[in-house]
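Here is a short tour to read alongside the structure. Keep the viewer open and follow the headings in turn.

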Amino acid sequence: MSGPVQENDVTPDEQFGAVEVKEGRRTAVGTLQVARLLPTKGRRTVGAWCFADVMIPPDADEPDPLEIGPHPHIGLATVTWLFDGEALHGDSLGTEQVIRPGQLNLMTAGHGIAHSELSTVTGVHGVQMWVAQPESTRHGASMFQHHDDLPRFDITAGEVALFMGSLAGHRSPTVAETPLVGAEITLRGPSQVPVDPSFELAVLPIDAPLLVEDHVVEPGWLGLVAPGGDALRLESSGAGARLMLLGGEPLGERIQMWWNFVARTKAEITDAWRAWQEHDTDRFGPVPSQLARIEAPTPPWIGED
């Protein structure tokens, strides 16, 4: 359920006002249709979050299974969160782990990892996210975490499942390398969500339009909220509206993103691309999967003078 990111997905970060609403774009990951909300025009990162695909529920009675063959990553952590269905994750650490709704799979790439994902039932619906690793850890060892016991708590007119970082005095047990928040929130009515004033935030409506402060944000769109406030006002037209809240302290590093790689320079991405092309098993080991290996496209800058 990961990527890929193409060069036209990524533009330099711009300053934004208190709240800014941006439209996502529809794309496909294998046979899965997704709304890609991050990166978006003018915004690579929100905190350390650098990628967010919301899976679009299939409308067929018997949808195609999710089948994402072995592919590589560097410099990021993949964060998988499901609302419906289940999927099997396999990676070059030897991990084979089923994920179900309300559980978290967190795979940290570091210098290099490869993985695959396969739905074990049809109709998978959820969100695939990436967190950019900071300079202090992005060249380090890879790691995998699975959590099925995450903090769940009430806020004013809402319920929170906290899968990354901290919110409202609660902290997730998952390892986060920068100060951030990742949560699913279900609203029962108008809500004031306590937030860290140093965090920039992204609100991703899942199944109903939301009022974010005074701005309407539709599913398939993204609400960006600048740092400064200690509470975020959210409202939906009916009870039970779900949203994802992502954010954190500004990363403070300019990243380069292409395909399934997050780095700081094109040269680093080229090195990782060549390692994958050359089947370098020291950097990207074998994955326990029967799915076909995904070949990388050629970076558009290869061959440039």
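## A charged pair and its network

Let's begin with Arg138 and Glu135, whose side chains meet in a salt bridge at 2.8 Å, N to O. A salt bridge here is a side-chain nitrogen of Lys or Arg within 4 Å of a carboxyl oxygen of Asp or Glu. Arg138 is buried, with a relative accessible area of 7%, whereas Glu135 is partly exposed at 40%. For these labels, buried means under 20% relative accessible area, exposed over 50%, and partly exposed in between, with a 1.4 Å probe and protein chains only. The pair also belongs to a network of salt bridges that links Glu135, Arg138 and Glu268.

A word on the source: this is a predicted model, in which local features need pLDDT of at least 70 and side-chain atom pairs count only at pLDDT 80 or more, while totals for chains, interfaces and linings use all residues. Residues are numbered from 1 along each chain as its sequence is written, and side-chain values use heavy atoms, with hydrogens and water left out.

How many salt bridges does the rule give? The count comes to 13. One of them joins the side chains of Glu200 and Arg43, at 3.7 Å from N to O. Glu200 lies in strand E18 (residues 200-205) and Arg43 in the loop between strand E3 (32-38) and strand E4 (49-55), so this pair ties together parts that are 157 residues apart in sequence. Strands (E, at least two residues) and helices (H or I, at least four) are DSSP runs, numbered from the N terminus. Glu200 is buried at 8% relative accessible area, and Arg43 is buried at 6%.

Another salt bridge is formed by Glu253 and Arg264, with the closest N and O atoms 2.7 Å apart. Glu253 sits in the loop between strand E23 (241-248) and strand E24 (256-258), and Arg264 in the loop between strand E25 (261-263) and H1, so the pair links distant parts of the chain, 11 residues apart. Here Glu253 is partly exposed, at 26%, while Arg264 counts as buried at 14%.

## The open sheet

Seven strands make up an open sheet, in the order E2-E3-E4-E11-E6-E9-E12, with antiparallel pairing. Strand E2 (25-29) and strand E12 (143-147) are the edge strands, each pairing on one side only. From one strand to the next, the twist averages 20°; axes are lines fitted to C-alpha atoms, for helices over the stretch in contact, and angles run from 0 to 180 degrees between N-to-C directions.

Two strands pair if DSSP finds at least two bridges between them. Strand E9 (residues 104-108) and E12 pair in the antiparallel sense over five bridges. Look for Thr108 there: its bridge partner in E12 is Met143.

## Nonpolar cores and a buried threonine

The largest nonpolar core has 39 residues, and Trp49, Val79, Trp81, Met129, Phe163, Leu204 and Met244 have the most contacts inside it. Such a core is a set of buried Ala, Val, Leu, Ile, Met, Phe, Trp, Tyr and Cys residues joined through side-chain atoms within 4.5 Å. A second, separate core has 25 residues, including Ala183, Leu187, Val193 and Leu234.

Thr270 lies in helix H1 (residues 266-277). Is Thr270 buried or exposed? It counts as buried, at 8% relative accessibility. Leaving aside neighbours within four places in sequence, Thr270 is in contact (heavy atoms within 4.5 Å) with Trp301 and Ile302.
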